[in-house]
Amino acid sequence: MFIYQLLIISVVLGLSENMECQVNFETSTSAFIFITCKIKHFSAQQTYSVNFTYNSTRSDDVQKTKLKCTSLDDYWPVTCLLKVNTTNLHSGFYGIEIIVSADVNNSKSVAVDSYGIHIYAPIEPQTPECKIPNYNDVCSMNRKDRIESSYISCVAAVPFAKVNCSMIDTSKSTNVTITSYEAQPLLVYQNGIYTYTATCEIPFNATMLADGLNINITYSQVTDYDNTSLVSYSSASFSFRCPKVLNFTVNASPDGVCVNIGENVTFRCDSDMSPPSDRIALSHGYTTSNFQGKDITLTIKDTSDYGNYMCSVGYSPYLLKKSVYLVAPEKALRRNQHTFYELHYTGKNNDTAFVLIGVTGCPEPTTITVLKKTDEDVKESNAKILTKGVLVTYTRDPTLTWSPIVQYKLSGNINVTFLNKDMTDNLPEYSLNVSNGISYSVIDFGVYNSDALHLSHSTAVCLLCVVILQALLY
């Protein structure tokens, strides 16, 4: 709705039972408004006239209109055509009324029917309103021909005068003029008023989608006063960008959080889509909920609220998805059932060895220290901290581990890499001191080589014991 329409109160004259009219607008070298009416015969002495008002005052500018009424005979409806050249009109409110009157039954009474419209034109161009391609028509399209059929279209209320429009893309390092030409006038009917407007549009093409658009649309009118020219402007801007980046966090964490039952968590789902998406989908299990805005707060009611949550925005092929996790906190990290771990070799000459130790628990490990034990150290419960030649990292599994007790657990692997495989000669035993910020765990482990030739007798015996123990537990 144009703002200026809020400032007036106007009623279009009702369409009578004897008149049927319609309004048309045509442009050539000038812009013309046509009011065409078909009027029933209700007297042989009918007369036709025009009532012309300007800013609610009767105007002598009726000569700016041309009324022509014709009929085949007395039994056919009369067709009246009123032609108004808008180039002769000033800015303001106009009332244009076609009136038919006649004596009734040769008496002194006069019957009058009429049809009228109200037209408005501002004194200078008003702020344009733009219609841009929606995401379903553009961001989800794979066929170029459908992209080419879309338009960026802007409409602004303008004076009864020549108005130019221009569109400039400001998203590039230098401003690029997309189009500039004389805007096409038209009438827009709204709230009982025909508003004189001008449209400016340009086809939307695939090239424009590359980096998105920041469009500035400007309407301008030049008015000459003697030897001085006055330029009036109105402008608006909008941006359009298919989503390429999605940020999804829970309690400001991009991965996930450990949370107790009864606590609240806040999800934030935000993308670089412009204008911002009016629909964000949050999925958990088999349930998907749509919400508006960027943030949503959830209270953990029971263990069924744990698991992965996924946010999605946009449409294919620009559909973006990202997940975060919610799991219950645990007092200590737990490792898998293994005690000995196979050495894997990598590097140019297989001169680097590493083991993967699976662990579960939340929060994730934050500090990990590796200690090497000798036979004497083991007896005395002492160990040597390894600070050189050893790299330790933790990698979280992309999927959660399900447990019938706590529903979901966070799991991952601690990677212990020995930069020189000679460090693993004689297959020593090691210890990991692991902290996750709320608890401290000690993980003792040994290593073995799958090649039996490299297995020491003691290690082989230990492995045999482990196998037998696991078989018994199974």
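## Disulfides

Cys 362 counts as buried, at 2% relative accessibility (buried is under 20% relative accessible area, exposed over 50%, and partly exposed in between, with a 1.4 Å probe and protein chains only). The model is a predicted one, in which local features need pLDDT of at least 70 and side-chain atom pairs count only at pLDDT 80 or more, while totals for chains, interfaces and linings use all residues. Residues are numbered from 1 along each chain as its sequence is written, and side-chain values use heavy atoms, with hydrogens and water left out.

The partner of Cys 362 is Cys 258, to which a disulfide joins it with an S to S distance of 1.5 Å (a disulfide is a pair of cysteine sulfur atoms within 2.5 Å). The torsion about the S-S bond of Cys 258 and Cys 362 is about -80°, so this disulfide is left-handed. The pair links distant parts of the chain, 104 residues apart: Cys 258 is in strand β18, and Cys 362 is in the loop between β28 (352-360) and β29 (367-373). Strands, like helices, are DSSP runs numbered from the N terminus (strands E, at least two residues; helices H or I, at least four). Cys 258 is partly exposed, at 24% relative accessible area.

The structure holds 6 disulfides. One of them joins Cys 130 and Cys 154, with sulfur atoms 2.1 Å apart. This link is right-handed, with 105° about the S-S bond. Cys 130 lies in strand β9 (residues 129-131) and Cys 154 in strand β10 (residues 151-157), so the pair ties together parts that are 24 residues apart in sequence. Cys 130 is partly exposed, with a relative accessible area of 30%, whereas Cys 154 is buried, with 0%.

Another disulfide joins Cys 269 to Cys 311, S to S 1.6 Å. The torsion about the S-S bond is -75°, and the link is left-handed. Distant parts of the chain, 42 residues apart, are linked by this pair: Cys 269 is in strand β19 and Cys 311 in strand β23 (residues 307-313). Cys 269 is buried, at 1% relative accessible area, and Cys 311 counts as buried at 0%.

## Salt bridges

A search of the whole structure finds 5 salt bridges (a salt bridge is a side-chain nitrogen of Lys or Arg within 4 Å of a carboxyl oxygen of Asp or Glu). Arg 396 forms one with Asp 255, where the closest N and O atoms are 3.2 Å apart. The two residues are 141 residues apart and link distant parts of the chain: Arg 396 is in strand β31 (residues 390-396), Asp 255 in the loop between β17 (246-250) and β18 (256-258). Both ends are partly exposed, Arg 396 with a relative accessible area of 26% and Asp 255 with 34%.

Arg 268 and Asp 295 meet through their side chains in a salt bridge of 2.7 Å, N to O. This pair also links distant parts of the chain, with Arg 268 in strand β19 (residues 264-271) and Asp 295 in strand β22 (residues 295-299), 27 residues apart. Arg 268 counts as partly exposed at 40% relative accessibility, as does Asp 295 at 38%.

The side chains of Glu 330 and Arg 334 meet in a salt bridge of 3.9 Å, N to O. Glu 330 is buried, with a relative accessible area of 15%. Elsewhere, salt bridges that share partners join Asp 255, Glu 364 and Arg 396 into one network.

## Nonpolar core

The largest nonpolar core has 48 residues, of which Ile 35 and Tyr 219 touch the most other members. At least three residues of this core come from each of domain 1 (19-120) and domain 2 (129-140 + 148-240). A nonpolar core is a set of buried Ala, Val, Leu, Ile, Met, Phe, Trp, Tyr and Cys residues joined through side-chain atoms within 4.5 Å; the domain bounds come from an automatic or database domain assignment.

Leaving aside neighbours within four places in sequence, Ile 35 is in contact (heavy atoms within 4.5 Å) with Gln 22, Val 23, Cys 80, Leu 81, Leu 82, Ile 96, Ile 98, Tyr 115 and Ile 117.

## Overall figures

The protein has 3 helices and 36 strands. Of its 474 residues, 40% count as buried. Among contacts with a separation of 6 or more, 63% are between residues 24 or more positions apart.

The accessible surface of the protein comes to about 26,900 Å², and 51% of that belongs to carbon and sulfur atoms. Accessible areas come from the Shrake-Rupley method with a 1.4 Å probe; for residues, only the protein chains shown count as cover.
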